[in-house]
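Colleague: I have the file open. Can you walk me through what is in there?

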Amino acid sequence: MTFDDFKLEYDLLDGIDAMGYTKATPIQEQAIPRILNNEDLIACAQTGTGKTAAFVLPILNKIITSETKHINTLVLVPTRELAQQIDQQIEAMAYYIDVCSIAVYGGSDGITWEQQKRALKKGADIVIATPGRLIALLNMGAIDFGQLQHLVLDEADRMLDMGFVEDIERIVSELPQERQTLLFSATMPPKIRSLAGKILNNPVQISIAISKPAAGIVQQAYLAHDSQKDALLKGILNSGTFKSIIIFCSTKDKVKVVHHMLQKAKIDAKPFHSDLKQEEREEIMQQFKNQKITALVGTDVLSRGIDVTGIDLVLNYDVPPDPEDYIHRIGRTARAETTGTAITFINEKDMYRFAAIEKMIERELPKLALPESLGEGPIYNPLAKKPSFKPGGNRKKFPPRNK
Ligand code: AMP
């Protein structure tokens, strides 16, 4: 199906052409006509499916064919990176039309905060916001949603995981009841269904291949003891096979340790985690996009919504705690029908987690042999159980108190 089939405005079609989109993706095929038809929608779609354009295009089309100049659409997102990225995509798709958008998120400096407030007073057509910052603006009376027509919740499962449910309900209570609401989520746990029941009106449901990695990703794993991981990583990075790489670690501390180790080995990499200032994160992301940095080492902050084309390797230094996180992490490569590689290091403690991933993707993934110089790795046991801890076993022992 081409975009002409949706009967969109010509200037918008020019923007789509300029972005190089020729065919609509499955989520776009299903969602765009529904959204144009003013229906509420719940869409279960993973990142990388083209879901952003699936809601942005019909909304842009409706904005250009309407007369009003007030805030028309609110898009709620879990992270500032996703807010910025959607804002950039809107800017590109709306290149030939007169529609403006603004991203509103926390962690920015005083100047950006003032700019955001001024822009909101002047009235942007589309506001993309993280819930916390939006609540702050609502409390200051800096924003008027009286004429709002569309509410979009993007990556709703992530927003709930991050504890935003009350903020979302508070925000929704400030919006006109007569509106169109669209909810996008990679997973549909009961808490999402319950939120949807409260804020959507008789929604159409669309489900796009729930939680399956994109077909273009080659997925592999190494069974490696912790003591073997650094040498294995350096070997892969030094092989010269990959040009744009994301390395995921499960904690900030691990990110710092791995980054330090790579620095010592003179491998070009930058860390990316929530301890960095917003400007530092933006600068690093820009350099990575421009391929001035080969590798980023980050936590799951990087796994959602970061849309950088040309990432050819996603490397999981450890197995992500949740199978969904695995899908999000590896979804950073092979964006929109390109190809890429995802490699995961599995130690003996993480086997049960990796088995859960294989179960979810309904595939056993190849375990590659370690280079001989590293010796033997652990033996894979997909039936391994979560390691159990003795009660109190992790607690520090204090010396007896002096009497
Ligand atoms: P998303 O799932 O919204 O994060 O989109 C993933 C990537 O697919 C982004 O880089 C989009 O620019 C790209 N994309 C979206 N729609 C299309 C399309 N119809 N054809 C080609 N690429 C697309």
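**Sheet, domains and charge pairs**

Modeller: Start with the open sheet: 7 strands, in the order β10-β11-β9-β12-β13-β8-β14, with parallel pairing. Two strands pair if DSSP finds at least two bridges between them. Helices (H or I, at least four residues) and strands (E, at least two) are DSSP runs, numbered from the N terminus.

Colleague: Which strands stand at the edges?

Modeller: β10 (269-272) and β14 (367-368); each has a single partner strand, so one side of each has no neighbour in the sheet.

Colleague: How many bridges join β12 to β13?

Modeller: 4 bridges join β12 (residues 313-316) to β13 (residues 340-346), and the two run parallel. Leu313, for instance, has Thr341 in β13 as its bridge partner.

Colleague: What should I know about the model itself?

Modeller: This is a predicted model, where local features need pLDDT of at least 70, side-chain atom pairs count only at pLDDT 80 or more, and totals for chains, interfaces and linings use all residues. Residues are numbered from 1 along each chain as its sequence is written, and side-chain values use heavy atoms, with hydrogens and water left out.

Colleague: OK, domains. Where are they divided?

Modeller: Domain 1 is 3-208 and domain 2 is 217-374; the bounds come from an automatic or database domain assignment. Their centres, taken over C-alpha atoms, are 29 Å apart. The contact (heavy atoms within 4.5 Å) takes 17 residues from domain 1 and 20 residues from domain 2.

Colleague: And how much area do they bury between them?

Modeller: About 1,600 Å², 40% of it on carbon and sulfur atoms. Buried area is the accessible area (1.4 Å probe) that two parts lose on being put together, summed over both. Thr47, Glu81 and Arg158 supply 33% of what domain 1 buries against domain 2, more than any other three residues.

Colleague: How many salt bridges are there across that interface?

Modeller: The rule finds 2 between domain 1 and domain 2, a salt bridge being a side-chain nitrogen of Lys or Arg within 4 Å of a carboxyl oxygen of Asp or Glu. Arg281 forms a salt bridge with Glu81, with the closest N and O atoms 2.8 Å apart.

Colleague: How many salt bridges does the structure hold?

Modeller: 14. One of them pairs Lys191 with Asp161, the closest N and O atoms being 2.9 Å apart. That pair links distant parts of the chain, 30 residues apart: Lys191 is in helix α9 (residues 190-199) and Asp161 in helix α7.
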